[in-house]
Amino acid sequence: MEEKIQANSFKAWLWGIRPTSLAGALMTVFIGSGLAHGTAPELFSWPVAILCGIFACFMQVAANLINDVVDFKRGLDKSDPERIDRIYANGLLSRKAMNMGIAVCLTLGCLVGLTILYLVWNHLLWGGWEIILMGAVVVACTFLYSTTFAYHGLGDFAVLLCFGLIPVCGTFYVLTYTLTWDAVWAAIIAGISIDTLLIINNYRDRDEDETAGKHTSIAIMGEPFGRYFYLIAGLVCVLMVVFLYFGGKISWIGLCYTAIPYLILHIGSWLKINRIRSGNGLNVVYYESPRNFTILGLLLTIALW
């Protein structure tokens with residue numbers, strides 16, 4: 001580390017919650033809100049949309065903290081001054097502080113979710129119980145991702161579910177009181193584009209994961225699979241944007257300014273993966289992937305709105 005960070009300090013917490021990861025959580029709400037506004041502008045509610053974003057952020061921070069604790073306990077994350085993201089392994093947040101942070105985020109997230117439910121209760125198809133079920137799945141996944149999914153090749157499925165299908169379709173549902181196939185296509189775009197961050201993380205750490213017994217999809221399938229998995233993920237996102245175009249949810253201009261920039265950025269990142277293949281040099285793609293899916297999310301939100 002270039003400068004000393006005090007244990008349990010504000011800066012330690014800032015690194016621990018990983019603010020950059022919140023872009024993915026917010027992007028799902030942006031996309032769901034954009035589609036909802038484009039579909040039923042007369043039903044759109046800013047308070048509900050904002051609360052969906054706050055809920056997503058609380059759940060994301062809780063998942064980040066849980067992941068740090070679990071990976072350290074399993075021996076995957078070890079103290080490394082060069083890895084500032086390993087905030088718990090490096091002793092910059094105590095176990096008591098981590099537990100408190102997890103409890104606070106989950107509690108506040110559930111309170112926000114109940115507020116959303118209160119605001120839309122009378123408009124929902126199944127009386128609001130479906131929202132309670134979705135919220136319960138999200139809370140469960142914040143624990144299951146780090147303790148189960150990530151270690152048994154199901155991490156990518158968990159990202160698609162928790163950063164795609166549930167938040168995008170859920171946001172769309174509480175803002176329009178219905179579900180459509182267009183919401184599913186938009187959810188796949190969000191989930192798979194965000195999964196590129198997990199893919200490059202698992203590709204970079206594949207040898208370390210295998211040694212530690214973390215059976216990610218890439219650790220199981222091998223290095224070539226990881227490279228092409230990253231490429232195909234981006235191509236699937238572009239295909240889903242095309243589906244939205246043919247479904248009449250975006251114009252051809254929207255199709256162009258959404259799909260083309262993302263495709264250029266994504267392929268550029270993939271070419272770097274092909275050239276670098278291993279080591280810390282892959283960190284450049286690790287930091288480019290959030291840039292790529294954030295740009296895609298913002299442009300798609302504009303096109304849908």
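A: Helices (H or I, at least four residues) and strands (E, at least two) are DSSP runs, numbered from the N terminus. This is a predicted model: local features need pLDDT of at least 70, side-chain atom pairs count only at pLDDT 80 or more, and totals for chains, interfaces and linings use all residues. Residues are numbered from 1 along each chain as its sequence is written, and side-chain values use heavy atoms, with hydrogens and water left out.

Q: Where does Thr180 lie?
A: Thr180 is in the loop between helix 6 and helix 7. Its C-alpha is 25 Å in space from that of Ala140, and the two residues are 40 apart in sequence.

Q: Is Thr180 buried, partly exposed or exposed?
A: Buried means under 20% relative accessible area, exposed over 50%, and partly exposed in between (1.4 Å probe, protein chains only). Thr180 has 29% relative accessibility, so it counts as partly exposed.

Q: What is the phi of Tyr177?
A: Most residues other than glycine have a negative phi, and most peptide bonds are trans. Tyr177 is not a glycine, yet its phi is positive, about 65°. Tyr177 lies in the loop between helix 6 and helix 7 and is buried, with a relative accessible area of 18%. Arg277, also a residue other than glycine, has a positive phi near 70°. Arg277 is found in the loop between helix 11 and helix 12 and is partly exposed, with a relative accessible area of 35%.

Q: How many residues does the largest nonpolar core have?
A: In soluble globular proteins, nonpolar side chains tend to be buried together. A nonpolar core is a set of buried Ala, Val, Leu, Ile, Met, Phe, Trp, Tyr and Cys residues joined through side-chain atoms within 4.5 Å. Here the largest one has 86 residues, and Ile31, Val174 and Ile200 have the most contacts inside it. Helix 3 (residues 46–73) gives the most to this core, with 14 residues.

Q: Which residues is Ile200 in contact with, leaving aside its neighbours within four places in sequence?
A: Contact means heavy atoms within 4.5 Å. With those neighbours left aside, Ile200 is in contact with Tyr230, Ile273, Leu282, Val285, Tyr286 and Ser289.

Q: What span should helix 5 have, at 1.5 Å a residue?
A: The expected span of a helix is 1.5 Å times one less than its number of residues. For the 19 residues of helix 5 (residues 129–147) that gives 27 Å, and the end C-alpha atoms are 27 Å apart, which agrees. Helix 4 has 26 residues and reaches 38 Å from its first C-alpha to its last, close to the 38 Å expected.

Q: Where does helix 5 bend?
A: The bend at a residue is the angle between axes fitted to the seven residues ending there and the seven starting there. Helix 5 bends by about 30° at Cys141. Cys141 is one of the buried residues of this helix, as are Glu130, Ile131, Val138, Thr142 and Ser146. The buried residues of helix 5 pack against helix 3, helix 4 (95–120) and helix 6 (155–176).

Q: How many salt bridges are there?
A: Side chains of opposite charge can pair when their charged atoms come close. A salt bridge is a side-chain nitrogen of Lys or Arg within 4 Å of a carboxyl oxygen of Asp or Glu. By this rule there are four salt bridges. One of them joins Glu223 and Arg227, with the closest N and O atoms 2.5 Å apart. Both residues lie in helix 10 (residues 223–246), four residues apart, about one turn of the helix. Glu223 counts as buried at 19% relative accessibility, and Arg227 counts as buried at 8%.

Q: Which residues are linked in a network of salt bridges?
A: Lys272, Glu288 and Arg291 are linked in this way. Glu288 pairs with Lys272, the closest N and O atoms being 2.3 Å apart. This pair links distant parts of the chain, with Glu288 in helix 12 (residues 283–304) and Lys272 in helix 11 (residues 252–276), 16 residues apart. Arg291 forms a salt bridge with Glu288, the closest N and O atoms being 4.0 Å apart. Glu288 is buried, with a relative accessible area of 9%, whereas Arg291 is partly exposed at 34%.

Q: How far from Asp195 is the nearest side chain of opposite charge?
A: Lys and Arg count as positive and Asp and Glu as negative; His and the chain ends are not counted. Asp195, in helix 7 (residues 181–204), is buried yet has no salt bridge, and the nearest side chain of opposite charge, Lys214, is 11 Å away.
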